[in-house]
Amino acid sequence: MTSGLSIRLLTLLVVVYTCCTVVEVNGEQQFIETPPSYKEVTLGQDVQLPCRVRDKRGECAWQKDRKIVTMRSKKYQMLNDRDNDCTLVIRNVSLDFDDGYWECQVGSSDLMYQDALTSLPSRLLVIVKPKPPTLEYDRSQPIDDALSLKEGQEITIGCSAQNGNPPALIKWFIGDQEIEPLREQQNISESHKTWIAQSLLRLHGRREYHGLWIKCVAIHASSSSQALAKSRINVLYLPEVQIRSNPQPLTAAPEDLESFLGLKCLVDSNPPAEIKWYKGSSPLNDAMLSQLKYNKSQIGADLVQISELRFEPVKKQDAGMYSCKAVNIIGESVPASYSLDVQYKPRVKNIENVAEDDLVKTVQLGSTAEPFVCPEFDANPPAQYRWTHSRRKSTAFTMNGQASSDSRRLRLEHITWSDQGEYTCVAFNTINGVRKETNNKQRYIINVTGPPEIQAKSDHMNNHESIGWIGERVHTLKIRFCSQPPPKLVTWQWGSNQIRAAENINPKYEALPLETIIEHGIVTNCFWAKLEIKNLQKEDARIYTLLVQSEKGEDSARIKLLVKDSTETRMIGVTVIIGLLLVLTLILIGVWSLVRWRRRRYRQGMEEDGSIAADALYNNGATMDRQKTINSSTHVKTFGRKPSLDSDQSAYDYSHVVKQARTMSPEALKVRRAPMVLQSPTIV
């Protein structure tokens, strides 16, 4: 009993000791929440530094930068009076008093335990918005709205943002493109815990930067918007020029007194430049510019200077090398050039050297000669030459197979009588696809000397043919021949008869005097020999021979006279007409037969369908009777009206319709030429 009681008491003591030990351990002060290691707050705002303690038994206290902070109702105070909450509220945060390291402290609950608590330092950063950034040149000179530098020049510019906490982050932009700074920005501490942020940029003078904004952007946590300082880049550079034609591009070559052209000098320059025009190496002075429609320099829509020369119209003397230059304070541009090529049709170079009288040359028959040289023509493109003959109409003229269009000299090979006459020299070129020709006003005449030669001989036995009619009052045989010197003897021969020129055998034959041939007002060495035969009869049909003799030789030709009877000709004509009439009659009969056959086929079709043709209503009585017979033979069923109680009516009769239709005109009925089916009347 005693031992059992002792065991129970011992067990009770152990339990009580264990419980007491647990209570003492669970009652030790511990942080549940401590201030964050870093916290930002904007100047003038309120901020809370959280601090909560489990089983808090000591007093709450706060230190800033290792110094005790006294609670003040309008500045520092605890968030609430709960036992385990030591959260600090800071009113109207200021940079001087509140920026720093804060610690939450809890005093010990008992001298024996020494369980005082201190949190890790919490950095409270008071954000102060910096001043707007500023741009500087050479670290001291402020940059205004425009930053000027020459092309290729390098300068260093700076940007600074002062009185900021923390320091601002500076970025550089040219236009919308971000540019890397010269080196990392420097943050310099000021008094009152603010900072100066500084950044440098190496700027290169590039033409593509001209007119863009150089921007320094200060990024800071105090504002979502970005503060910036900017200046427009003004790059000074040498002028650049180019010449453009108007219209552009040229679709046709400029032609003298026909085309209109403008030359524009476009200048890209900063600052604006003075534009000068040159023709060749000489500047265009005011007197020369006054002859052209000249526009002085003006600024176009794309800020390009424009100066224009206008040729209205273009003239031959305007051709040449045109160039323009531009000069500004930076220097002089490289000239731009335009070669104005004015095309014009051929013109005689030295008109005073052209003789006023006709040039006449005599050449030997069968020889080769170069009697004339065409004067030189001025033309652009260069002129080509060709020779034309008064008796030759073709523009593509060649001399005896020797083309002359590529030479100023007329060359004749194997000269014949047909080569004599007037020649014209033609100079030509091609402008914009159009052939331009100029005839030389000088007349070139060639006379051929040689033995007689009869022109246009027949290829068959040297015979010409002439056709006459019986009873013809006068029939003339004529042959052309050429001779220089003139012939001594010209005779016509047939059978045993012979007659000289200018003689006759009365009253039948007469040889007319020689007729000199004149071409284009020029007397040639050619003649017409004519023989007149009067009261032409059948027996006059024979071969007649012409003999021509001169001191240099002779030539002859035969002409065959065919005498026809006009009666035979009329009979042939009548026969042909009768044959044509017969053919026409056969054609008409064939057409009529075809039409009749088609109409028969058409009527047969109508009979099979049991309908009355529309034309049957307008034909004679025989046609109507025939139509009735057809209707009765095909047993067309007719319907009559039912007789009434008062009177009897016969069956419906088609003849009534036919008789009535015969009295009506086609215009009244307006019936088409198509079958009309007659239907039975409706029974009421």
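Phe-372, Trp-387 and Tyr-444 are joined by ring pairs into a cluster in this predicted model. Counting rings as paired when their centres lie within 6.5 Å, the total comes to eight aromatic pairs.

One of these pairs is formed by Phe-311 and Tyr-322, whose ring centres are 5.5 Å apart and whose planes meet at 70 degrees, so that the arrangement is edge-to-face, the cut-off for that class being over 60 degrees. Because Phe-311 belongs to strand S26 (residues 305-311) and Tyr-322 to strand S27 (residues 320-327), the contact ties together parts that are 11 residues apart in sequence. Both Phe-311 and Tyr-322 are buried.

A tilted pair is formed by Trp-494 and Tyr-544, with 5.4 Å from centre to centre and 50 degrees between the planes. This pair links distant parts of the chain, since Trp-494 lies in strand S40 (residues 489-494) and Tyr-544 in strand S46 (residues 543-550), 50 residues apart. Trp-494 has 2% relative accessibility and therefore counts as buried, and Tyr-544, at 0% relative accessibility, counts as buried too.

Aromatic rings also take part in contacts with charged side chains. The charged end of Arg-123 sits over the ring of Tyr-101, while Lys-230 lies over the face of Trp-213; the distances to the ring centres are set out below.

| Charged residue | Ring | Distance to ring centre |
|---|---|---|
| Arg-123 | Tyr-101 | 5.5 Å |
| Lys-230 | Trp-213 | 4.3 Å |

How values were computed
Residues numbered from 1 in each chain as written. Predicted model: local features only at pLDDT ≥ 70, side-chain atom pairs only at ≥ 80, totals over all residues. Heavy atoms only, no water. Phe/Tyr/Trp six-rings, centres within 6.5 Å; stacked < 30°, edge-to-face > 60°. Helix = DSSP H or I, 4+ residues; strand = E, 2+ residues; numbered from the N terminus. Buried < 20%, exposed > 50% of the residue type's maximum accessible area, 1.4 Å probe, protein only. Lys NZ or Arg CZ within 6 Å of the ring centre and 35° of its normal.
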